[in-house]
Amino acid sequence: MSPHGAADAAQVRCFVLTISDTRTEETDTSGRAIAELLASAGHVVDAREIVRDDPQRVREIVAAVAARTTKAVDAIVTTGGTGVTARDSTFEALDALLDKRLDGFGELFRMLSYEQVGAAAMLSRAGAGTIGRTAIFMLPGSEAAVRLAMTDLILPVLRHLTGELHR
């Protein structure tokens, strides 16, 4: 029996998707923060993309990236569309694609967010799960929320999660 963590991935290949009706490459501070934090942790950002908050298009992109066999990615991190406005549809777009949900991610994210924004944390529908061997993280559009999720939750477990998904 190998010790816990023995199968951790040395490096994780990631895709970053910003879901927004208003962000551009220049104004996408959340997507940029995700990419920079991943790279500074030694991971590879395969690509970044910005897409309008259109559930069908978001679903198509994530499904296609998760299904890749050449230039496969281990993790997809999305930002935006996890709130409660009429246009926020990331959760609905991606929830049906998930093979497994990682409910603890959303619970921990809202707990940590509560310390920063109070009761408004309950309005976040941030979540995570897996599609096959690909981890999916759905983060809010706020740069502060992205940095919190990446620093406190995703980066500390990403290598281990990827290793587990490839066992």
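Which residues in α4 meet which residues in α5? The first legend answers this for a predicted model, in which local features need pLDDT of at least 70, side-chain atom pairs count only at pLDDT 80 or more, and totals for chains, interfaces and linings use all residues. Residues are numbered from 1 along each chain as its sequence is written, and side-chain values use heavy atoms, with hydrogens and water left out.

**View 1. Helix α4 packs against helix α5.** Helices are DSSP runs of H or I with at least four residues, strands are runs of E with at least two, and both are numbered from the N terminus. Helix α4 spans residues 103-117, and helix α5 spans residues 143-165. Two packed helices are described by the angle between their axes and the distance between the axes. Here the angle is about 125°, and the axes are 10 Å apart. Axes are lines fitted to C-alpha atoms, for helices over the stretch in contact, and angles run from 0 to 180 degrees between N-to-C directions. The pair α4 and α5 is therefore oblique. Angles under 35 degrees count as roughly parallel, over 145 as roughly antiparallel, 65 to 115 as roughly perpendicular, and the rest as oblique. The crossing of α4 and α5 is right-handed: the near helix is turned clockwise from the far one by less than a right angle. From α4 come Phe-105, Leu-108, Phe-109, Leu-112, Ser-113 and Gln-116. They meet Ala-145, Leu-148, Ala-149, Asp-152, Leu-153 and Ile-154 in α5. Contact means heavy atoms within 4.5 Å. By class, the α4 and α5 contact has nine nonpolar, two polar and one charged residues. Ala, Val, Leu, Ile, Met, Phe, Trp, Tyr, Cys and Pro count as nonpolar; Asp, Glu, Lys and Arg count as charged; the others, Gly among them, count as polar.

**View 2. Phe-105 is a buried residue of helix α4.** Its relative accessible area is 8%, so Phe-105 counts as buried. Buried means under 20% relative accessible area, exposed over 50%, and partly exposed in between (1.4 Å probe, protein chains only). Leaving aside neighbours within four places in sequence, Phe-105 touches Ala-126, Gly-127, Ala-128, Phe-137, Met-138, Leu-139, Ala-149, Leu-153 and Ile-154. Ser-142 lies 37 residues from Phe-105 along the chain, and their C-alpha atoms are separated by 17 Å.

**View 3. Helix α1 also meets helix α5.** Their axes come within 10 Å and cross at roughly 25°. The helices α1 and α5 are therefore roughly parallel to each other. Their crossing is right-handed. On the α1 side are Thr-29, Ser-30, Ala-33, Ile-34, Glu-36, Leu-37 and Leu-38. On the α5 side are Glu-143, Val-146, Arg-147, Met-150, Thr-151, Leu-155 and Leu-158. By class, this contact of α1 with α5 has eight nonpolar, three polar and three charged residues.

**View 4. His-43 sits in a loop between α1 and β2.** Helix α1 covers 29-40, and strand β2 covers 44-51. His-43 is buried, because its relative accessibility is 6%. The side chain of His-43 reaches the backbone nitrogen of Val-12 at 3.1 Å.

**View 5. Thr-70 and Lys-71 lie in the loop between α2 and β3.** Helix α2 covers 55-67, and strand β3 covers 75-79. Thr-70 has a relative accessible area of 63%, so it is exposed. Lys-71 is exposed too, at 53% relative accessibility. Most residues other than glycine have a negative phi. Phi of Lys-71 is near 55°, a positive value. Thr-70 and Arg-147 are 77 residues apart in sequence and 30 Å apart in space, C-alpha to C-alpha.

**View 6. Lys-100 belongs to strand β4.** This strand covers residues 100-101. Lys-100 counts as exposed, because its relative accessibility is 58%. Lys-100 touches Gly-129 and Thr-130, not counting residues up to four places away in sequence.

Notes: A polar contact is a pair of N or O atoms within 3.5 Å; within protein, one must be able to donate a hydrogen and the other to accept it, and residues adjacent in sequence count only if both atoms are side-chain atoms.
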